[in-house]
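Reader: I would like to go through this entry and ask what stands behind each label. Please set the values against the cut-offs as we go.

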Amino acid sequence: MKALTDAELLLLGLVAEMPRHGYELDSVIEQRGMREWTQIGFSSIYFVLGKLEKLGLILAKKPAGAKAGAKARKVYSTTAAGRKALAAQTLAALRDLQRAYSSVLLGMINFAVLTRDGALEALSARGEAIKAEQARLAAIQIERQPLPDYVEAMFEFSQGQLRAEAEWVARTHAYMATKPWLDEE
Amino acid sequence: MTDAEKARLKELYLPLADKFTLVDVPDMRFAMIDGRGAVDRAPLDHAVKWLYAALQPAKRIAKDRMGRDFVEAPVEGLWWADDMRDFAAGNREKMNWRMMVVTPDWLTPEIFDEGVTAARARLGDPPESLRVEAYAEGLCAQIMFIGPNAEEVPTIRRMHEEFLPANGLIANGWHHEIYLNDARRVAPDKRKTVLRQPVRRA
């Protein structure tokens, strides 16, 4: 079967935890800050649910007496095919390494066009931005308590990447600051 | 973790679900917050959030020290009523509660205060009763309850009215629940809760 989009996989996972109302899904996504990890708009939740339903991965049950089309009040649950697809794609997400391109790489490709001062200033600013992001994540981690261990591990992943980038920025900044600059005016 | 340690954790936190068993619970220290009534879950949730937020630095140190042996501590709750009839009927809105998270032996007031200070910046002032204290239970009867917490009452009654008398035991302390699942992430019919009751021989 075709790979599900991030938003589809995320909603399928939430519905698999337990049957949920449409309106609940929106508040769970908000409470857990899931927009931190993936892109999903407020308006697209029902669009995505509709798609999952068409694919036969989830079931939408109308409450008795509800008007047709009252999507928010429908209760969504997974089908056997849905649980199978969820497990298979979650395994693939864990297993497969995807290349992500950081803006810093484009900055380095054209590094030679910069003056030393301009380049060093930009690298320092990146270092500060990394510190700010580390602090922001630490604050979110406190506000979202209690978190299951696998979500704590997500925070550790992000912090680890930021730590690695901060080290790289410091090392690169120190090197560029000390090396002879050929085109110095 | 040695096999003996694993077995001990299992004995304390994963009792059988199909019958009551006895366990000897060691004295432990907990971070705890007290409250009353549970009509609205908000104060309970706030207490739990505070406990885990305050224990963040302790957890970081524990992970570094223990490596693979580190296990997340579950939320535990003590429940008691001024009138035993409210307890027997499961009227949580008329009960007192204490939410607790177990802390390591080496937790110093300094490490705990560091967590409280960091959390205060995000969550405001902590609940007044937030503290770390020892709690002793000793001999306990317990069972694993699987299902929504609102449906625990018959099991608790069976423990008090059948298992304890049949084994010459008398309740000796507050009703204790250990919430092994996060209610926001696990379907009600799959939620696991250890129901524990300190006892003494009659």
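Author: Domain bounds here come from an automatic or database domain assignment. On that basis chain A has domain 1 (6–95) and domain 2 (103–178), and the centres of domain 1 of chain A and domain 2 of chain A, taken over C-alpha atoms, are separated by 33 Å. The model is a predicted one.

Reader: What makes chain A more spread out than a compact globule?

Author: Its radius of gyration is 23 Å, whereas the globule rule gives 16 Å for 185 residues; the value is well over the rule, so chain A is more spread out than a compact globule. The C-alpha trace of chain A spans about 80 × 35 × 30 Å along its principal axes. Chain A contains 7 helices and 3 strands, in the order α-β-α-α-β-β-α-α-α-α from the N terminus. Of its 185 residues, 17% count as buried.

Reader: Why is chain B called as compact as a globular protein of its length?

Author: Chain B has 6 helices and 9 strands. Its radius of gyration is 17 Å and the globule rule gives 17 Å for 202 residues, so chain B is as compact as a globular protein of that length. Its C-alpha trace spans about 50 × 40 × 35 Å along the principal axes. Buried residues make up 25% of the 202 residues in chain B. Of the contacts in chain B with a separation of 6 or more, 75% are between residues 24 or more positions apart.

Reader: How do you know that the buried residues of helix α3 of chain A are on the same side?

Author: The buried residues of helix α3 (residues 44–54) of chain A are A:I45, A:V48, A:L49 and A:L52. The arc they cover around the axis is only 100°, which puts them on the same side of α3(A). On the other side of α3(A), A:F47 and A:K54 are exposed. The buried residues of α3(A) pack against α1 (6–17), α2 (22–31), β2 (58–61) and β3 (75–78) of chain A.

Reader: What makes up the largest nonpolar core?

Author: The largest nonpolar core has 25 residues, and those with the most contacts inside it are B:A31, B:W50, B:L51, B:A54, B:L55, B:M99 and B:V101. At least two residues each come from β2 (28–36), α2 (42–54), α3 (56–66), β3 (75–81) and β4 (95–102) of chain B. Helix α2(B) gives the largest share of this core, 7 residues. A second, separate core of 20 residues includes A:A7, A:A16, A:L52 and A:A85.

Reader: Which residues is B:W50 in contact with, leaving aside its neighbours within four places in sequence?

Author: B:W50 is in contact with B:I33, B:A119, B:L123, B:P126, B:P127 and B:L130.

Reader: Where is there a cis peptide bond?

Author: The cis peptide bond joins A:Q145 and A:P146, with an omega of about -5°. A:P146 lies in the loop between α6 and α7 (149–178) of chain A. Most peptide bonds are trans.

Reader: How many residues of each chain are in contact with the other chain?

Author: 9 residues of chain A are in contact with 14 residues of chain B. Helix α6 (residues 116–143) of chain A gives the most to the side of chain A that touches chain B, with 3 residues. By class, that side of chain A has 5 nonpolar, 1 polar and 3 charged residues.

Methods: Residues numbered from 1 in each chain as written. Chains lettered and ligands numbered in written order. Predicted model: local features only at pLDDT ≥ 70, side-chain atom pairs only at ≥ 80, totals over all residues. Contact = placed C-beta atoms within 7 Å. Helix = DSSP H or I, 4+ residues; strand = E, 2+ residues; numbered from the N terminus. Nonpolar A, V, L, I, M, F, W, Y, C, P; charged D, E, K, R; others polar. Rg over C-alpha atoms; globule rule 2.2 N^0.38 Å. Buried ≥ 20, exposed ≤ 12 C-beta atoms within 10 Å, placed from the backbone. Arc of directions from axis to C-beta. Core = buried A, V, L, I, M, F, W, Y, C linked by C-beta atoms within 7 Å.
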